[in-house]
Structure formats: C-alpha cells, structure tokens
Amino acid sequence: MKAIVFDAFGGTEVLHEAEIGIPQPGPGQVRVRVRAVGVNPVDGKIRSGAMETIFPTTLPAVPGGEIAGVVDAVGEDVDQLKVGDEVLGWSDTGSYAQYALAPATALAPKPAGLAWANAAALPVASDGAERVLDLLDVSAGETLLIHGASGALGTIAVQLAVARGARVIGTVGPANQEYVTSLGATALVYGDNLVQRVRELAPEGVDAVFDAAGKGALEDSITLRGSTTRIVTTADFRAGDLGIVFAEGPQRRSAARLAELAEEAADGTLVTTLSATYPLAEAAKAQQASDAGHNRGKIVLTVD
C-alpha cells in the first residue's frame, strides 16, 4: 500500500511516499481503508523530534492518528463493527496511508450526511477541546478566553464552550474576526495591548483561559487571571516554566461522544471547517501549512 513515511527526525523534507505492507488487524482491532486523514500540529512536532519525551517514535514511522474511512477487515473479538461500515476516529499505527489499524473501541459510525474530509476533521479537535474545557471546569455564565480561536481546535472549543453557556472571547488574526464571531464568540485581534483590550470587553475579568495558539500569550493570560490557575495550553512548551498546565495527557477517545458530535456535524449544529485539503502524496505541503499556523479550521489529506 502507499503510505507517507519518515526515516529520521527533521523538517517536512524527511516525509516521503513509500510502498509498505498492508497491516493485519489483531484482536480487538479493525483495518480501515482510509478516505481522509486529519493533519494536526502534533504530527509535525512528532516528525521533528520535539515530542520524543512525550510520544517516543520508532523509526521508520507513518505519521498521523486521525482517520475517516471504511472498515476493510476485522480482528478477533470485534463484534460492534463489520466490513463495509463507514467510520471516523483514531488510529494507533499511523494514518497517512491507504490502510490503517484502529482499536474497534476508538471508532464511531460516520453519518451519511458528513463528508469524508469533515469527518476526519473531528476526532482530535473534539477530544482535545472537551478535555481542556473539563480541565478548566468551564461552566455556564463564565467568561472563557481562547487564544487561536479560528484553528481546528479553537473552532470546536468555541462552539462547545458556548454550548455550555459560557461567554467566549476568541483571539485571532484580522482575517478571521467574522468567522470566529459566526461561531458564537466575541472576536479580538491578538497582539499589542491585549490585556487592556480584553479588560474593556470583560471588565469583570476572565474566569479561564484556553491557549490553542502557542504564540506567546501566556504572560498576558496570567495577568488577566491574576494567577496561573485555570489556564491551560495545548501549544506553548514554556508552560512548565511559567507554572501553567500543558494538556499533554492521553486522549480520551470516546467513540460514543464522537458519534454524538458527528451527528451534530452532519446536521450543521456543529461546524467543522476545512482550511485546505491535499492528496496523500502532498503530505509534506500539508504539514508545512500546519507548521506555519494561522489556519482557519482543519487541514486534511484525501486518500484515493
């Protein structure tokens, strides 16, 4: 099968297409014929070697862990899925490939009305967003500040926080102000005098901060909170030095919750925005765009 592989840590130039064997599902696993793959910032950090202490990688490796596709084969002890089922979820063997293995318990049914690319945009972002909102204990009536509100993670986090009854202030670039407003947040351009401008919008203060951008906003966040409590980042590696929580814990990978959110995405209740799609062979370009940041929504690879 065709797959994207890297044999050494480095920039996107280490990614290359290769022919490798089709994996065989073991007990509790299914094999998925991949139709779309979510590209996440962590993919580039693993490829570069920056995440070795958190996610040790055996080389050569196939990047990625987020898939949408069709069940192609099932292993022993799998009774909840069958060949031909359309699914979305998480892979443990690398997803930048024509076929990937996944635990049957990590896959949810794909609604008929949800496009493949939009399905692949959902698992990691929804899991990460809910995990951080729970860490922050965001509840109705509170004010939540989200940095990087227009990205794949921020897009979902804004909507889930609003659904909880929170007021959301989202920092984004000038081009994404209307987009973030359409998701239910109050949009604010990041940059100079951020503390003053947030306080003008929320004179009573912000109750929690979710940093999905990693662009140096933690110091301002501490000033706004008056402490390091109820601030979580998924993107700024300086967190530990500043006494901030870095959300590096394991994914929950709840297939049941993913199924609920997939239905909401299919009927338009939950917006899944695609920043760009690339064919599998252009995975390096996709990761370059992901590494550059400032994307509106999710970057996705499509697989023939």
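## Helix 3 over the sheet

Helix 3 lies across strand 8 (143-147), strand 11 (208-211) and strand 12 (231-233), at about 150° to strand 11. Contact here means heavy atoms within 4.5 Å, and helices (H or I, at least four residues) and strands (E, at least two) are DSSP runs numbered from the N terminus. Axes are lines fitted to C-alpha atoms, for helices over the stretch in contact, with angles from 0 to 180 degrees between N-to-C directions.

This is a predicted model, in which local features need pLDDT of at least 70 and side-chain atom pairs count only at pLDDT 80 or more, while totals for chains, interfaces and linings use all residues. Residues are numbered from 1 along each chain as its sequence is written, and side-chain values use heavy atoms, leaving out hydrogens and water.

## Helix 3 meets helix 4

Now to a helix pair. The axes of helix 3 (residues 123-136) and helix 4 (residues 152-163) come within 8 Å and cross at roughly 55°.

On the helix 3 side, the residues in contact include Ala-125, Gly-128 and Leu-133; helix 4 brings, among them, Leu-153, Ile-156 and Leu-160.

Six strands form an open sheet in the order 10-9-8-11-12-13, with parallel pairing; two strands pair if DSSP finds at least two bridges between them. Strand 10 (186-189) and strand 13 (245-246) are at the edges with a single partner strand each, so one side of each has no neighbour in the sheet.

Strand 9 (residues 167-172) runs parallel to strand 10, joined by 4 bridges. Across this pair, Ile-169 stands opposite Thr-186 of strand 10.
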